[in-house]
Structure formats: structure tokens, C-alpha cells
Amino acid sequence: MALHRKKSDDEPRDLDINPVYVQVPDHVVTRDRLPERGMLPDTAAQVVRDELILDGNARLNLATFVTTWMEPQAERLMADCLAKNMIDKDEYPQTAELERRCVSMLAHLWHAPSEMPHAGQPDPGSTGCSTTGSSEACMLGGMALLWRWRARQAALGGPGAAGAGTARPNLVMGANVQVCWDKFCRYWQVEPRQVPMEPGRLHLTAPEAAARCDENTIGVVAVLGSTMDGSYEPVLEIADALDDLHQRSGVDVPIHVDAASGGFVAPFLQPGLTWDFRIPRVASINASGHKYGLVYPGVGWVIWRDAAALPEDLVFKVNYLGGQMPTFALNFSRSGSNVVAQYYNFLRLGFDGYRRVQQACQDVARYLAGQIAGLGPFELLSDGSDLPVLAFRLRDPQAAGYTVFDLSERLRQRGWLVPAYTFPQNRQDLCVLRIVARAGMTLEMAEPLLSHLRHQTSFLESLSAPMPGEERKAFAHT
């Protein structure tokens, strides 16, 4: 969540309320302090509604991966379940059952192994849970990797062994990972071994991953759908390189696949791509239900290939809500509405429905990519072949006389949010625009976007001097 600061008490400001709304005379509504008195519900709702008019149009927001539209039936189901606490499985057992079914469906979708439990032994099959989003799911996946590494260290070194307890764990990943992985490393004091980008290589590849692993590596994070350009990292090639490392050195490193977006795309659009639990080295996978899972913000998923991949001492069992409940999460109480909405989508769409929705998104992305590639000043970095996402840059930024940030700003004037940003480590010279084609972005909407893009590009090219104002470095909402 974004951080906010308290407004100075020296600058009190009141909300300006239309007199037509106010049914109680002289009603003052403070902006940054709790009002002294309440107001009628319809009045409060209208005040808030008027404030929200200033937000952008969610359908025109091509910056976000997050779902911005659901069917009315799903919205009604979510409203019905807003008061149900997801953690309280004793009070809301059927909501918990729907969560279990979603976990099972995703485990099947991602080819988790199905093994029969041995007599007297716990079920060795896959396990998982819902989260508030893929960021929390990544944190949980990272914690499981860290705890398994600690257990291996203890088993190899034993109490009092030389170096025991002093080795610092590390996590190998590309510089293109989502910020949640930087947070994980900082919060849990894990060394982030990020592979910087180079010309011709904009994400993690197998040789770079294996070269940075050692006996203190808790895992390698492979991203199925880079936020930077929508590309898939080669999970199978990375696994093969780690298999070779294991044979040569004995260093055995598991993989966590951050499939925040690709987990709900690749099974439907690239079914022949091997990236999931079909690879024995993949220990866990996370995905975001509120991205290409097609649910409103507030739900993510993480699945472990078997019970051994999730250390038992990370799971807490509480009974103060009425029953014995195992829980593994960074938070406690949250609404069950998003989990119910995910189950609704699974029933409503099925495999073929998800395939058709994601194919429509990819068709839009590929069409936009083809049209933009035909415009003189642009060069594609990705064309929607992996995720339905395309990234493009100015072919010759020095000769253009304007920047992608100028173009992004001009498109915002027509309501389109097309982010401009720089790439990380070693490629900060690379400034791009990115378009995310989500459900609801149609070919009919693509045409006016292209028209506005052509118009604003022509306008910027016609200028005899650079755009005035401070140089913009990255996309921002303000």
C-alpha cells in the first residue's frame, strides 16, 4: 500500500458540499479530520461519489494488470459475501470449501502431482491457499523456501557446526522482478542476487541463474510474465541448468515460479509450454486471481507441489474462532467475497471460457503491436506473444525531439493511461511505453487508441523545440 502523511493542523480544509445535497443546515465536513457530527447516508454517499468522479476511467487504464470489470452476477455474489471472514472456517465452512475447490482446480491446471498417501502417512499431494494478492503469495512462497533452506542447513551442519547460524541465505532472480521480492529479501534479511539486464537480454536466463547459486541459495525465482514487457522467463531451461549444477556440485536449488499474470494465461494460450509442476524442480507457484484470473482486486493464490514443500512449522493452528483452524498467511481477517468470485469465474467460464477470454486479449495485443510497429518512430520490445502485453520505445530517442514520457502525458489528456518508465539495472537508458490488454479491452477500443497515438505522435513531431517542463523519469499518477 502507498504511504500517506498526516496533513498539518495549521491548514484545516473543509469539503465543499453542494447545498442541494445538504439536508441539515450549516453542516461542516472536514477533509482531513474526523467530522464532529455524522450525516444522512444518502448525503454521505453522494459526497463520496462526487469525489470519485476525479478518478480516471478504469476501462481506459492500460497501465494496470488488475481486473477492472466483472459481471453483475459476480458483483452481487461478492456483495453477499463481504461480511464473511475468510479466516473463520468454522463459522463459514462452505466458503472455506469453495476456497479448497479453487486450490484443487489450480493444482490440476498447473499439473501438480497426484500421489496416493501411504498407510499411516499424511497425504503427500499438493497444498495451497488463497491470499490477498500475488504479493502476499510471493512472500509465503519465499518463506517456505527460506525455512526449507534452514532445515537443510541444520541437517547438514548440525548444532555447533562450523559456520552454523552465520551463513546468509540468498535468493536468485532477475532485475525485472516485481517489488514484492525486494520487500521479501529486505524484511527477512535474505541477500537478493539480482541478475542485471543487458542488451538483448531483458529477463533471467538459465546460465545467469545457475552461475549465482551456491549452498546458501534458498531458491531461484522464475517470472512467468514480466511486468516490464510481458515476456516469460524460460523456466524449463533454468531448471535444466540447476539440474546440471546439482549433478556437478551437489548444490540443490528449488524454483518458485512467480506466475502472477502468466499462471492464468499460459495454461490456456500456450498449453504446450512446460513451466509448471511438470518440472520436478518447481516447488511452488503463485498467481494473482485479480489479474488475468478476472476477479476484482483482493485475491491471490499460492500452491506447493507437495506437503513437504511447505514446512509444517510455518502453519499456525488456532481455535479461538470456534474450531481448530490451520492458517498460513501474513494477515488474519479478510472478506471471503473475492474467493467466492474466483469460484464463480471458474464455474462460469470453465477451461474453454478462460481460453476464449485470454485469446481475445491476446488478439487485441497482437493487433496493437502490429499497428504500432508500422508507425515510423517506434520499435517493439514485446508483441503480446507471451502475456497479452506489448512494450515499445522510440527507435531513435535522440533524433525524435520528444520522449515516451511526453507521449504518455499527451495520451492522458484523452483519458488513456499508457505508462512510460525506465528499465532497471544496466538498462536504465531504455525508456518504454507499455499497453496491457485485459478483459474488456476490445478491437473497437483499440482503434481510437491508435488514432490518438498517431495524432499525438504527429503533434510532438511537429514541434520545433522540446516540450517545456521538467524532464520526467518514470510513470506516476500525479
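Analyst: Happy to. The lining of the largest pocket divides into 22 nonpolar, 16 polar and 6 charged residues (Ala, Val, Leu, Ile, Met, Phe, Trp, Tyr, Cys and Pro count as nonpolar, Asp, Glu, Lys and Arg as charged, and the others, Gly among them, as polar). This is a predicted model, in which local features need pLDDT of at least 70 and side-chain atom pairs pLDDT 80 or more, while totals for chains, interfaces and linings use all residues. Numbering runs from 1 along each chain as its sequence is written, and side-chain values use heavy atoms, without hydrogens or water.

Looking into the largest pocket, 44 residues line it, and Ser-135, Gln-178, Val-179, Thr-227 and Lys-291 lie nearest its centre (a pocket is an open set of points on a 1 Å grid where a 1.4 Å probe fits, with protein on both sides within 12 Å along at least five of seven lines; lining residues have an atom within 4 Å of a point). Two or more lining residues come from each of α4 (134-157), α5 (179-187) and β12 (420-422) (DSSP runs numbered from the N terminus: helices are H or I, at least four residues, and strands E, at least two). The space in the largest pocket amounts to about 1,600 Å³ (the volume filled by probe spheres set on the points).

Lys-291 turns up again in the lining of the second largest cavity, together with Phe-65, Val-66, Thr-67, Tyr-292, Leu-294, Arg-438 and Ala-439 (in a cavity the probe fits but cannot get out). This cavity holds about 30 Å³ of space, and the structure has 2 cavities of 30 Å³ or more. By class, the lining of the second largest cavity has 5 nonpolar, 1 polar and 2 charged residues.

The second largest pocket has a volume of about 1,000 Å³. Among the 37 residues lining this pocket, Arg-100, Val-103, Thr-127, Gly-128 and Cys-129 sit closest to its centre. Here the elements that contribute two or more residues are α3 (93-109), β1 (127-131) and β9 (325-327). The largest share comes from α3, with 8 residues. The lining of the second largest pocket divides into 16 nonpolar, 11 polar and 10 charged residues.

On the α3 side, Thr-95, Leu-98, Glu-99, Arg-101, Cys-102, Met-105, Leu-106 and Leu-109 take part, and they meet Val-339, Val-340, Gln-342, Tyr-343, Phe-346 and Phe-351 of α9 (contact means heavy atoms within 4.5 Å). This contact comprises 10 nonpolar, 2 polar and 2 charged residues.

Val-340 of α9 also meets α2, where the contact pairs Gln-73, Ala-74, Leu-77, Met-78 and Cys-81 with Ser-337, Asn-338, Val-340, Ala-341 and Tyr-344. There are 7 nonpolar and 3 polar residues in the contact of α2 with α9, and no charged ones. The axes of α2 (residues 72-81) and α9 come within 8 Å and cross at roughly 145°.

From α9 the contact draws on Asp-363, Val-364, Tyr-367, Leu-368, Gln-371 and Ile-372, and from α12 on Leu-443, Ala-446, Glu-447, Leu-449, Leu-450, Leu-453 and Arg-454. The classes here are 9 nonpolar, 1 polar and 3 charged residues.

Note on methods:
Axes are lines fitted to C-alpha atoms, for helices over the stretch in contact, and angles run from 0 to 180 degrees between N-to-C directions.
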